[in-house]
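Work through the exercises below with the sequence and the 3D structure in view. Each task is followed by a stepwise solution.

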Amino acid sequence: MAPINIIYISIEGNTRAFIKRLSAFAEQQHAFDSDKPLINAKEITDQTIPEEEKAPFFVFVPTYLTGGNGIDSGFTEIMTNALGEYIADGNSARKCIGVVGSGNRNFNEQYCLTARKYAKQFNAPFIADYELRGTARDAEHIYATLCQRWASVNA
Ligand SMILES: Cc1cc2nc3c(=O)[nH]c(=O)nc-3n(C[C@H](O)[C@H](O)[C@H](O)COP(=O)(O)O)c2cc1C
């Protein structure tokens with residue numbers, strides 16, 4: 001199966017570290033069984049030049065918000081806007097097949113809120129979440145979730 005495409009942003013390195021862990025897990029699985037897909041990840045930064053995505057992809061987005069409490073007052077996305085703008089450009093959003101959020105549960109109702117917002121905005125399911133750099137179990141679970149959805153989209 002074709003490698004799983006992931007587009008992500010990472011401000012402080014947690015998401016980057018998780019994608020690395022996920023990619024290593026995928027490589028291990030692929031070595032045992034070549035039907036298990038590898039990961040093809042692309043990091044978006046403020047310097048990324050807009051480019052239309054032609055193939056299906058998943059989005060991994062950490063949460064950075066200011067203001068509001070996530071329940072009854074507004075909040076504003078900060079730091080990760082380059083990713084949302086990249087996906088919104090051209091027809092790329094149509095290729096988005098799932099959003100994975102990360103954050104810190106200390107933020108309570110605002111936990112992973114950016115991913116939930118992206119899921120609505122880009123009309124794609126919110127498929128998983130993990131905290132900070134994630135764990136080995138998170139990588140295993142999220143890899144399985146991605147594989148299932150990837151297979152159904154590529155069927
Ligand atoms: C200024 C700031 C605001 C944050 N706001 C939220 C938030 O509203 N909800 C949440 O779940 N996590 C929040 N976090 C936690 C980050 O999403 C978490 O640390 C994440 O792993 C960062 O990913 P990165 O290192 O790839 O940038 C915030 C962190 C910072 C530094």
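**Exercise 1: a buried strand**

In this predicted model, 6 of the 6 residues of strand β3 (residues 57–62) are buried, so β3 is largely enclosed by the rest of the structure.

Task: Sort the residues of β3 by the way they point.

Solution. Start from the rule: in a regular strand the side chains alternate between the two faces of the sheet. Then apply it along the strand. Phe-57, Val-59 and Val-61 point one way from β3, while Phe-58, Phe-60 and Pro-62 point the other way. Finally, check burial: both sets are buried, where buried means 20 or more other C-beta atoms within 10 Å.

**Exercise 2: the neighbours of β3**

Task: Find which strands pair with β3 and in what sense.

Solution. Take strand β1 (residues 4–8) to begin with: β1 and β3 pair in the parallel sense over 3 bridges, with Ile-6 opposite Phe-58. Next take strand β6 (residues 96–103), which pairs with β3 in the parallel sense over 6 bridges. Here Phe-57 stands opposite Cys-96.

**Exercise 3: the ligand shell**

Task: Describe the residues around the ligand.

Solution. Count 19 residues, the closest being Glu-12, Asn-14, Thr-15, Pro-62 and Gly-103. By class, 9 are nonpolar, 9 polar and 1 charged. By element, α1 (14–32) and β6 each supply at least two.

Notes: Residues numbered from 1 in each chain as written. Predicted model: local features only at pLDDT ≥ 70, side-chain atom pairs only at ≥ 80, totals over all residues. Buried ≥ 20, exposed ≤ 12 C-beta atoms within 10 Å, placed from the backbone. Helix = DSSP H or I, 4+ residues; strand = E, 2+ residues; numbered from the N terminus. Pairing = 2+ DSSP bridges. Near = placed C-beta within 6 Å. Nonpolar A, V, L, I, M, F, W, Y, C, P; charged D, E, K, R; others polar.
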